[in-house]
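Here's a quick tour of this one. Have a look at the model first, then read on.

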Amino acid sequence: MIHEVVITSGKKNKAPIGIYFRAKSEGFCNSTLRSDKEKEVVLHLFEGSHTYENLKNDDYFVVNVCHPIDIAEAVLDDEDDYGYLDWNGKELPYLKNAYKIFVVKINKRKFITKRDNFGESKLMVVNGEIVFEKELNNIITPYNRADGLLVEMAVIYSRLNNEKIIMKNDDREAMKKDMEKYFKIIKKVGSKKHVDLAKRFMELIK
Ligand SMILES: Cc1cc2nc3c(=O)[nH]c(=O)nc-3n(C[C@H](O)[C@H](O)[C@H](O)COP(=O)(O)O)c2cc1C
């Protein structure tokens, strides 16, 4: 399974990214809870993002396990309350309000070209291992339906906003319709924070 997290890298950069946790001999993690055996982390990064450039050059990055609102918000800008970890003489940024952070050391990079519905794209597959982990905030909140929908809005927004993705007009309109549908539900079930962020996405795709 894929876990959605926020990757912090460079000096002050954050991005929502899907990652795989893997145990050496046992394959990818297929449970909502990661076990301590799953020390490997795999990322598929599309060429063109700051995260791609940072992880192409740096040896370490931070995985931030966050609330879904923070995951969705991370697609918009890099503003946040960052802390810094001194790691092998390098300052690694992390998000102070993450539930948990993992420092990952990159062991391998593979460059591939992928073909899918959105055309051809260049990808860097990053393999790393967890070298440090720390729980920062132990907050338990009940599930709210707006959480998942907001992350879906962020995914659609990042696709609509990507100049490299050439999309048929019908597909673009269908995605905007999905955004409208999610927005309506978020207004019904979400907090002010959910609604304000969803509004920002709706404004940006106009
Ligand atoms: C939930 C979510 C998951 C994402 N997963 C990935 C991913 O696995 N790989 C990737 O290259 N981009 C992914 N993206 C898109 C990047 O977050 C997006 O391109 C972002 O703007 C990159 O920011 P940066 O330029 O600061 O690195 C994802 C977006 C969202 C909302």
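## Where the ligand sits

Domain 1 (3–135) and domain 2 (145–204) both contribute residues to the shell around the ligand, so the ligand lies between them. Those domain bounds come from an automatic or database domain assignment. Keep in mind that this is a predicted model: local features need pLDDT of at least 70, side-chain atom pairs count only at pLDDT 80 or more, and totals for chains, interfaces and linings use all residues. Residues are numbered from 1 along each chain as its sequence is written.

## The ligand shell

The ligand has 18 residues around it, and the closest are Ala15, Ser49, His50, Thr51 and Ala154 (near means a C-beta atom, placed from the backbone, within 6 Å). Two or more residues each come from strand E2 (13–23), strand E4 (40–46), helix H1 (50–57) and helix H3 (145–160). Helices (H or I, at least four residues) and strands (E, at least two) are DSSP runs, numbered from the N terminus. E2 gives the most, with 5 residues.

## Domain to domain

The centres of domain 1 and domain 2, taken over C-alpha atoms, are 23 Å apart. Their contact draws 13 residues from domain 1 and 16 residues from domain 2 (C-beta atoms, placed from the backbone, within 7 Å). On the domain 1 side, helix H2 (68–73) and strand E9 (119–135) each supply at least two residues, and H2 gives the most, with 5 residues.

## A hairpin to check out

Strands E6 (residues 82–87) and E7 (residues 90–95) pair antiparallel over 6 bridges (pairing takes at least two DSSP bridges). Tyrosine 84 has proline 93 in E7 as its bridge partner. With 2 residues between the strands, this hairpin has asparagine 88 at a positive phi near 50 degrees.

Terms used:
Contact = placed C-beta atoms within 7 Å.
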